[in-house]
Each structure stands twice: as structure tokens, then as C-alpha cells.
Amino acid sequence: MNTKNAFVTASGFYQKGQYTRALETLNELLNVDRSPKTYALLAKTLLKLGFRSDAASAYELAGRQKPQRDDYLREALLLHGDCGNDDQALAIGSLILPLAFKDPDLAFVLSRIFLARQQKDLLTGFKTVLVEGPELKHRQMAARLLTDDLYDESNRHIVTTLFKKHPDHVIFRALYLIFAREVSDLAAVEKHMAPVLASLAQGKLEHVIPDNPFFHLHWCGDEALNKLAVHDTDPLPAGHAEARRKLPHIWGGKIRIGYLSSDFWPGHATMKLMQRVLELHDKDRFEITLFDHSEAAHQKEEAFDYSALGTTVDIRGLSNQAAAEAIRARGIDILVDLKGHTKGSRAFILNYMPAPIHVAWLGFPGTTVNIDLDYIIGDHYVLPDQSKAHFYEKYCRLPECYQPNDPLNRPKPRPTTRAEHGLPEDAFVYASFNGNRKITPQMVDVWCNILKRSKNSVLWLLCNGPRAEANIWSRLEARGVNRKRVVFTSRIRYEDHIDRQQLADLGLDTFPVNGHTTTSEQLWGGLPVLTIKGTNFASRVSESLLNAIGLSELVADDVKAYEDMAVQLAGQPEQIAQFKETLAANRYIKPLFDAERFTRHLETAFEMMAARAKQGLAPDHMDIPALPARTEPFMEDDRNSAAIAAE
């Protein structure tokens, strides 16, 4: 066979649209000629005949010959990706990876595969090329590659670019607003929330349904809407939870509790709250296992003995399904997810049926949409009866407060001075130590009113960086607040932060997301906190904490009452002094910081859940009975002990 003539003949058939005859000629030609151009023509012919997977293989054979032809390999990778031949696509990707960082189509295919395989660490280099890609699918993929780091400038650039190119795209708008809130760009928040609020006023939900459930809470205090923010999750199949509860399970003498989290390291707020609870669990009645997917770098920040908390099982390298199988293999009776829809969550593990009882607690202040859960642990403040319709989980209400607190490992406030923190000695000091994303434009406006109405006062405000400080100051200044009335501060060492809170006179809470750990830290540090009666879980937390420490009078009925109370208290130093005395007197006798009492209530909850499951009963709302009130402190105040010893 004359190979040159045969190739020309096959090419002629191809040009005339006679693809079957071209294929026949090429099949004969391949017996003597396997050059790149022959395989490339074969690939094009197969494509015309609809054999896409075979065409991909032909392009791959053309490209792998020496010298390597990247253009043919590119076509092979795209076709393999389109056909779902992910292993073959990845194999080719390893050969032309540098090209993928410049080619949005290649980056798109490889990103899809890496995402599906949970190999997110390999995706960093694709974000930039995708966000500049010519098609919407490229930019949507760039959005999927965003990391949880809201301070990463590459993330910020991508979000800004996406929103600039697609100003009416609801997901890109939501992403842009998340980053704007993080640095308190209040002007941008107000401007770009206007269409969202206008749409809601017309009863439309296009801005709610695709929103991230956690960040959704920062602008929406309506729990009827909160439960509709599903982001990119999918509903569970009908009967899924019932099938999970019917799986064979062997109950032991002890109740086996599994805690699932990425926050098992001393510096995280979750551990600051619940470390003592884990230490106090009755090991004769409960077997505790921590299913840990914390970042290894965090756990190396300081030495810590995890053995006192229970058995730790590292699931970082496991897929969600493999992690669920590891949990079930340990016979866990009750699996408690501590994350919900928050940063670093792997709550989707619960959708693979790891335990007969699934519980949400502590991390996410709301219902956890599209996750297989039986109960949510709360209390009568954060989970009132009228809200039951807005939760997918059944209520498990602890009798006093849903939030644990650690009185032993949390540092005690030490003496300090206003001068050390740049505060005026003779002014009334309002303080907000909440995260910047919680500070809404409306909240700042209320604080401006408070400052204007209480003449000798300052606002002591925590900011996460110069950008946030400049943005907040811009709004304060525009509303006529003198620069001397604001003292900006930054994050400092935890022990020093606990110390400094007592220097303020009144903490000003945020809405619709309250301070959670922040509020309990302020109360621990001796600072009364003023809050507003909430409309959803996230906005009712401070009310729960204040009631648990005996300061329910600091819960204002509405925003106007909040503003009026803040102004009145600035002129009532004796009342502030009384609040601080109450905090000091109640610290070691009221429920808020009573970790032992809390642990016993929590264990009763677990026992009640297990009892229902053992009887084959479906989960139902339950209220945990309270232990008798304490008449004596559960521990001594170190400062009082030192004073007595000195005398």
C-alpha cells in the first residue's frame, strides 16, 4: 500500500463527508502507518461518526509520539473529560499540566475531576485562568475553587472579577457580599444588598436559595427564610433517615459518643467552650471518640494532651463514605456533628449512615439543611416552640443554656488599665469585640445614634485589619461622629483579650448574628453585654447566655429599646457597677460557666436519645430536666482566695 496515496484518499473522503469510507481507508492504513497525522485524522473521523471516546484515544496516540504533540493531547484530554474517562484525562493532564494553567478549557476539566476526588490541594493554580475564561462555565468553576480563606487576596480578586463581569448573577453577588462584609465595606454591602431586599419584598427567593447557609445568617434574621438557603446541597432520598435507623446495631454497656469536627485544637473557639465537658464526661457510662479532621498545622501550634478528652481517630485522609464506614465500624451510638454549615465542615459524612443517632450541636446556629440529622441541641431561648416548623431536626433542649463553657482551662481575667489600651479614663466605654462580618450598616447607624446621645462616651471597636477599620470609620464619619469618639483595636493574645474586656462599661451586641463565644467571653471577663431579643437561633444566643448568668434585664425588646437602654446606662454608673458585681457573684454559681452541671444535662440528653432508639422509636422533641439549683459555688474564685490568704 502506498501510504501517501492512502492518506490522501482517506483525507479526501473526510473532506467530502464520506466518513465511513474514510474510516475504512484509515483502518487499512494503520497496518503500515501509525504516524501522528494518521491518528489525528482517525480521531477527527471518529468524532464525525459520534465515537467520542475512541476519538479521544486516537488523539492520545497521536500526541504521545515523539516529539510529543501537546495540541493533540489537549484534544484527547478534553474528549476524555467530556466522556467521563477521568483516569485517562488525568494521565494526559500530567503530561501537559503547564498548558492547563493557561488554557481555561483544560483547567475546567481537571478542576472538575479534582473536585470530585476531593483533591482540592491541587486546584490552586487553576483559579486565575478560569476566572478570565471566555465562557460562564469557566467562571462558575472559578467560584467553586474559592477556598475558605476570606483574607486571601487571590480569592478576593476572583470574587470581584466575577461580580464585575456578571453583576446580575445571584451567586456571584452573594460571594461578593461575603467578602465585602468580612472587611466591613458597608457602602458596598448597602448598595448591592438593595436588589436582594427588593426581590425579597416581592416574595422572590432567587437570592436566598443558592446562598451559603452560614453567611446567609449574617444578613437575614428570618428563620422561615434561613431554612431555604441550600447553596449547592441536594435533598436526601425519601426514607433515607428511616433506613439508617433500621440498620443492624449492637448496643453496648456504655453509650458510645462520637464527636465530629475540624476544631479539635486548643486555639479554636469550640475547644475553648467544650474542653472541660469532654474532660468531665463520665467514662464509666460513656465512651468518647473524637473523629478529627482538624488541620494538622493548627494542632501543632501548642502542646496539648488529647488523651484526656477521649480516643482520637484521624479521618483527614478519608473520603466522606470511608469516614462514615470507620465511624460505623467503631459501633458509635450517637454521632454529634459540631460544624454544620461552617468553615471546614464535613457534615456530609452523616449522609452515609454512620450511626443510628445523628445530632447537631454548637457549631452552626440554625437548622442544617440537606444533612441527615435527628436532633439539634439547643435551649428554650434559641429554640422556642414557635420555631419548630423552621427546623428539619427535632429539638433537644437543655434546661438552661445550650452553650458549654470552660471555667477551668479558660484564663481568669487579670488586672489591667485603660491606659495600656489607649482608652480615656473618664469616658463611658462601649465595646464591640464581635467579628467584622457581623457588623451591619444598620448596626453602625444605631451605634452612631448612641454616641451622639451619650456625650462623654467612646466606642471601642475590634477590627480585623486596616481595610475594615477604614471602611467602618468612613461610615461613622459620614454620620457625624468625631474621630476621638472611636478607639479601634485589633486581635491580641487570648489571655490579654480576656483581661482587657473588664475595662469597658458595656458590651454592644450585634444583630442578626449575636456574639456567641464572644459574648460568653465578655461575661466571663466581667463585662455586661446589651443585646436585642432575637428572631432566629443566631440572634437569640446572647439572650440565652445572659439568662444563664442572671442578667436577663440586658435583653432589649427591639432596636429602639436597645439604643435607649445603651444611652440610659451611660448615665447610670451605679447600675453598671451593679451589673459587674452580679457577674462576679454569679460566675461560679450560675449555670453559664458550670461545666460539670452542663455535662450532666448533656449526658441525660444522650441517654434519653439512646433510650428512644433502643425502643425502636423515631426521634421526637425532648426537653431535658434540670438538676436542682446550686446553693454553693462549684469552684472558688482565685482572686477571692488570694485576697483571703493575704489577710
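Is Leu362 buried or exposed? At 13% relative accessibility, Leu362 counts as buried, because the cut-off for buried is under 20%. The close-ups below come from a predicted model.

**View A. Leu362 and Met353 have positive phi values.** Leu362 sits in the loop between strand S5 and strand S6 (375-379). Its phi is near 80°. Met353 lies in the loop between strand S4 (334-337) and strand S5 (357-360). Phi of Met353 is about 60°. Neither residue is a glycine. Most residues other than glycine have a negative phi.

View B. Pro67 belongs to the loop between helix H4 (52-63) and helix H5 (70-83). Pro512 is placed in the loop between strand S11 (506-508) and helix H23 (517-524). Most peptide bonds are trans.

**View C. Six strands form an open, parallel sheet.** Their order is S10-S9-S8-S11-S12-S13. Strand S10 (486-489) and strand S13 (555-556) are the edges, each pairing on one side only. Strand S9 (residues 457-462) runs parallel to S10, and four bridges join them. Trp460 stands opposite Val487 in S10. Helix H21 (residues 466-478) packs on the sheet and touches S9 and S10. The direction of H21 makes about 165° with that of S10.

**View D. His138 is buried in helix H10.** The helix spans residues 136-144. His138 counts as buried because its relative accessibility is 0%. Beyond its neighbours within four places in sequence, His138 contacts Pro104, Asp105, Phe108, Leu130 and Gly133.

Note on methods
Residues are numbered from 1 along each chain as its sequence is written. This is a predicted model: local features need pLDDT of at least 70, side-chain atom pairs count only at pLDDT 80 or more; totals for chains, interfaces and linings use all residues. Side-chain values use heavy atoms; hydrogens and water are left out. Helices (H or I, at least four residues) and strands (E, at least two) are DSSP runs, numbered from the N terminus. Buried means under 20% relative accessible area, exposed over 50%, partly exposed in between (1.4 Å probe, protein chains only). Contact means heavy atoms within 4.5 Å. Two strands pair if DSSP finds at least two bridges between them. Axes are lines fitted to C-alpha atoms, for helices over the stretch in contact, and angles run from 0 to 180 degrees between N-to-C directions.
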